[in-house]
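Please work through each task before reading its solution.

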Amino acid sequence: MVPSARGARRVAVRISPAAWREEVERFDARSPSRMAAERERRRLEEEGVSMSELRSCAAEGSDGTRLKGLVKAYVPICGAAASQRPYGFVFSPGRDDQGVYLALVAFGERHPRAGTRSVYERAHKRLHGRYPDQ
């Protein structure tokens with residue numbers, strides 16, 4: 001856990017350079033999706049994420065994804081309604097000698113247009129080595 005001045009429970013976030021490159025840097029530097037992720041990165045790495053902003057991923061999604069045990073945060077990470085937050089981070093929980101943390105698994109659009117993989121499909125691929133429809 002990461003201490004918070006406001007008293008909210010927060011979880012440390014770890015973002016590997018490889019995951020960031022694969023998940024965020026695939027977008028053009030000026031794209032709305034990449035800019036949204038980059039705005040959140042520093043705060044995530046320095047302060048972690050509030051437990052109140054996390055949601056469990058569906059163990060088995062209607063799109064064939066299998067994300068049991070993973071959590072998601074809608075981006076931008078703030079109190080706005082989920083429908084106003086088009087992107088998402090998917091995290092995998094871990095624990096080591098420093099405590100509990102969340103590791104970035106995927107980033108992307110939550111409900112993209114046809115022909116674009118969702119953040120949930122991308123997370124499935126990173127975990128299982130293939131997209132759910134392959």
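**Exercise 1. The largest pocket**

The largest pocket has a volume of about 170 Å³. The model is predicted: local features need pLDDT of at least 70 and side-chain atom pairs pLDDT 80 or more, while totals for chains, interfaces and linings use all residues. Residues are numbered from 1 along each chain as its sequence is written, and side-chain values use heavy atoms, with hydrogens and water left out.

Task. Determine which residues are the closest to the centre of the largest pocket, and which helix gives the most to its lining.

Solution. 
1. A pocket is an open set of points on a 1 Å grid over the protein atoms alone, where a 1.4 Å probe fits, with protein on both sides within 12 Å along at least five of seven lines; lining residues have an atom within 4 Å of a point.
2. The lining comprises 13 residues, of which Arg10, Arg43, Ser50, Glu53 and Ile77 are the closest to the centre.
3. Helix H2 (32–47) and S2 each supply at least two lining residues; H2 gives the most, with four. Helices are DSSP runs of H or I with at least four residues, and strands are runs of E with at least two.
4. By class, the lining divides into four nonpolar, three polar and six charged residues.

**Exercise 2. Salt bridges between separate segments**

Solution. 
1. The structure holds twelve salt bridges, each a side-chain nitrogen of Lys or Arg within 4 Å of a carboxyl oxygen of Asp or Glu.
2. In the bridge between Arg122 and Glu23, the closest N and O atoms are 2.9 Å apart.
3. Arg85 and Glu53 form a salt bridge with the closest N and O atoms 3.0 Å apart. Arg85 and Glu53 are buried.

Note on methods: Buried < 20%, exposed > 50% of the residue type's maximum accessible area, 1.4 Å probe, protein only. Points joined across faces, edges and corners; volume = space filled by probe spheres on them. Nonpolar A, V, L, I, M, F, W, Y, C, P; charged D, E, K, R; others polar.
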